[in-house]
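Dear colleague,

My notes on what was found in it follow directly after.

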Amino acid sequence: MKLAFVGLLACACAAAQDFSDISVEKVAGGFRFTEGPAWSPEGFLLFSDIPNNKIHRWVPGKGVELFRAESSGANGNAFDAQGRLYTCESVTRRLIRADKKGKIEVVAERWQGKRLNAPNDIVVRHDGHAWFTDPAFGGQADTRELDFYGVYHLPAKGPMELVAAPKGRPNGIALSPNGRILYVANSDEKTVRAWDVDRQGKATNERVAVSAIEGVPDGIRTDEKGNLYVAAKGIAVYSPEGKLLTLIEIPETPANCAFGDADYQTLFITARTSVYRVRLNVKGSVQH
């Protein structure tokens, strides 16, 4: 089933990108709340169905298969350059990593002796540095041990570091194409904040990259030109300077998105009970 929507074009010429004729296609449905899309270099899409406590795999030409049952409330997912899968578990309040054989190790679950709130989303740079968000939504706030929301850095080697403790809840997270700018969506502020990150992963120069986002900003991604794709009221696309380029309307409210397919020119979108895709004329930013 294909649904054609015309993006609300605004200054697309500034990014030499054409959003004027966008086709949104539903590729899977029947879930409760989809999140955490991640494209594997092996050619399939993973996504979480949080309330059903599962991670599913969508394979082109085959459809949906169960990837992991009893996922501990899996939310955000990301692959690293070695093909290992990082998963944010909201129920166990930890971050895990699974190798290609399925062996799982816990890579983060406490900060200064206290349990994390509920890891939400993660991004992994090509050199092994990773960053994740740790907000608390709904009932998660009732069992918090930490008195702040966090954005954390997991170095390729060494102990975990706190990047920021924002007043609002940090949510989606992404890197610029060169891996030198870290972006974090703040659901309460309705902004995307940015930091410069160096080769060691140290974050400096915090600033607001995008403000006054319509809807509640959730997952975010970047393309090869540095544009930001923010799941909020539809998929709002912003230039690296924070200018709104277009709004891609989705039949259901989106929670997250990820680039995939062999050419990384398809944007997969998790939206409530379904997964959608949009073909674009630009490649996604891929760290692995």
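An open sheet is built from four strands in the order β3-β4-β5-β6, with antiparallel pairing. Here strands (E, at least two residues) are DSSP runs numbered from the N terminus, and two strands pair if DSSP finds at least two bridges between them. The edges of the sheet are β3 (34–40) and β6, each of which pairs on one side only. On average, neighbouring strands of this sheet are turned by 25° against each other, direction ignored; the axes behind this angle are lines fitted to C-alpha atoms. Strand β5 (residues 54–59) pairs with β6 over six bridges in the antiparallel sense, and K54 stands opposite A69 in β6.

Please note that this is a predicted model, in which local features need pLDDT of at least 70 and side-chain atom pairs count only at pLDDT 80 or more, while totals for chains, interfaces and linings use all residues. Residues are numbered from 1 along each chain as its sequence is written, and side-chain values use heavy atoms, with hydrogens and water left out.

On a 1 Å grid over the protein atoms alone, a cavity is a set of points where a 1.4 Å probe fits but cannot get out; a pocket is an open set with protein on both sides within 12 Å along at least five of seven lines; and lining residues have an atom within 4 Å of a point. Grid points are joined across faces, edges and corners, and a volume is the space filled by probe spheres set on the points.

The largest cavity has a volume of about 340 Å³. It is lined by 21 residues, of which V123, R221, S285, Q287 and H288 are the closest to its centre. Elements giving two or more residues to this lining include β3, β7 (74–79) and β25 (256–260).

The second largest cavity holds about 40 Å³ of space. Its lining includes V151, W195 and E206, and β18 (181–186) and β19 (191–197) each supply at least two of the lining residues.

As for open sites, the volume of the largest pocket is about 270 Å³. Among its 17 lining residues, F67, F79, G83, D99 and K100 are the closest to the centre. Two or more lining residues come from each of β4 (44–49) and β6 (63–69).

Yours sincerely

Note on methods: Axes are lines fitted to C-alpha atoms, for helices over the stretch in contact, and angles run from 0 to 180 degrees between N-to-C directions.
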